[in-house]
Amino acid sequence: MAADFKGDYQELVDEISELLGVPATLENRDFELIAFGAYDSEGDLDPSALDPVRTRSILTRRSTATVRAWFEGFGITRATGPVRIPPSPEAGVYRGRICLPVRHRGVVLGYVWLLDGDPGPTDAQLAAAMEVAGRIGALLADEAEAGAGLSRELRAVLTAEPGWQQDMAVAELRTALGPRADGPLTLVCVAPWPSPDPDDAPAARTIPHATALCTLPWGASQQSLALLVRLRATEVTAPALAAAGRLLKEAEGARGGRGGAAFGGGGGAGSGAGVPAPGNAARGAGARAAAAAAAGFTGAAGGGGGAGCAAGVGDARIGLAGLGAVWQEAAAATRAALAEPRFGPVAEWARIGPYRLLTALPPQAAHDPVVGPLLSPAHRELARTAEVYLDCAGQAARTAAELGIHRQTLYYRLSRVEQLTGLDLDDGEDRLLLHMALKRARL
């Protein structure tokens, strides 16, 4: 994505605001806020110009599926000219809207939203604004092509075999990124990503500090999302945590019923719960949690939370040379967050402890035959008891307190573990084997 796209959009939106004398906002076709302009006039100081829907949409940059369906119900996806939408106070829309569809080669790519008034813009003014909307459509098409190119280049780097193929892919990505390829960078992995369609991924522009993103296979039949993030310094991971939190929010919204609908924010159309259809009415865990909360992620604190997915962040590098290794780290951190609730919803590679080694084990090492009987569903409680006991460094009092059982019950369960596995829990190596096997089984 060209570095000056954002400024170009802002200039064009400001041009429309000046042409019509009213505030204008620009969204893409997925209702992601791209730019907005506040026309400076006394009339626009009227509080009604900032109705709840418009205010919330500009502040949160998001639009719900219900809001999107409500506005699309007026035919904006098919329109080739301005569409007037009446006010609906019960829905929080105090002012009517004028929607200018943004098209390129017959395809709708976005919408310019205007606040309607009395007398409102003239036909001649709207015709001039539609000409500007056409230029916006061409710019959106250029951005989409550039973003698709960056996605292909990033995917090539992360899927290439180490050696000359990966070196060539890195060189091509460096050329595509230009100066953005230099400096501290890291990768964020979100998995499993809720849509198999790469076109359902959010635009990099909507994710803070994002440089490029792509989807990659996750397991046999699922997808993950890889995000390349710019950092101020290799030791400052806050931008990556913020980006991961935002992506988790996007995934949560998709799983919450948006399906193939938009993943992004809203602008002039606005967002707000409960908008009726036209027919019915017109650092450490604290840092990770803070990043998710700042992005509006409402899932549980555990790995993946309510959305069923989690995010991982690799160690930062300078430049693109080590990007393949960073991706392996980010993916491993994501697997750790999915396996261990205490790491989620965003796990950093540097903070997952023994899982740095466990995630590197080959698939055939997943289940040691000695521990196999303990991992059957019938012995789930015994496996949990053994894991907590080993997590507590073999301290019986701590283990019994954490499990909420009597110490004699604990001793009985541990003896059953030894009978099932043939391991001696007084032997350090046997403890190590059991602990590793139980943790590896989580992955």
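Predicted model: local features only at pLDDT ≥ 70, side-chain atom pairs only at ≥ 80, totals over all residues.
Local features need pLDDT of at least 70 and side-chain atom pairs pLDDT 80 or more, while totals for chains, interfaces and linings use all residues. Residues are numbered from 1 along each chain as its sequence is written, and side-chain values use heavy atoms, without hydrogens and water.

**Aromatic rings**

Rings of Phe, Tyr and Trp (its six-membered ring) pair if their centres lie within 6.5 Å; planes under 30 degrees apart are stacked, over 60 edge-to-face, and the rest tilted. The count by this rule is 7 aromatic pairs. Two of the pairs are tabulated here.

| Pair | Centre to centre | Angle between planes | Class |
|---|---|---|---|
| Trp70 and Phe74 | 5.4 Å | 85° | edge-to-face |
| Phe71 and Trp113 | 4.9 Å | 70° | edge-to-face |

Phe71 lies in helix α3 (residues 65-72) and Trp113 in strand β5 (residues 107-115), 42 residues apart. Helices (H or I, at least four residues) and strands (E, at least two) are DSSP runs, numbered from the N terminus.

Buried means under 20% relative accessible area, exposed over 50%, and partly exposed in between (1.4 Å probe, protein chains only). Trp70 is buried at 0%, whereas Phe74 is partly exposed at 24%. Phe71 and Trp113 are both buried. Ring pairs link Phe31, Trp70, Phe71, Phe74, Tyr111 and Trp113 into a cluster.

**Strand β9**

In strand β9 (residues 310-313), Ala310 and Gly312 point one way, Ala311 and Val313 the other, and all are buried. Strands pair if DSSP finds at least two bridges between them. Strand β6 (residues 184-193) runs antiparallel to β9, joined by 4 bridges, with Ala191 opposite Ala310. Strand β11 (residues 346-348) pairs with β9 in the parallel sense over 3 bridges, and there Val346 is the bridge partner of Ala311.
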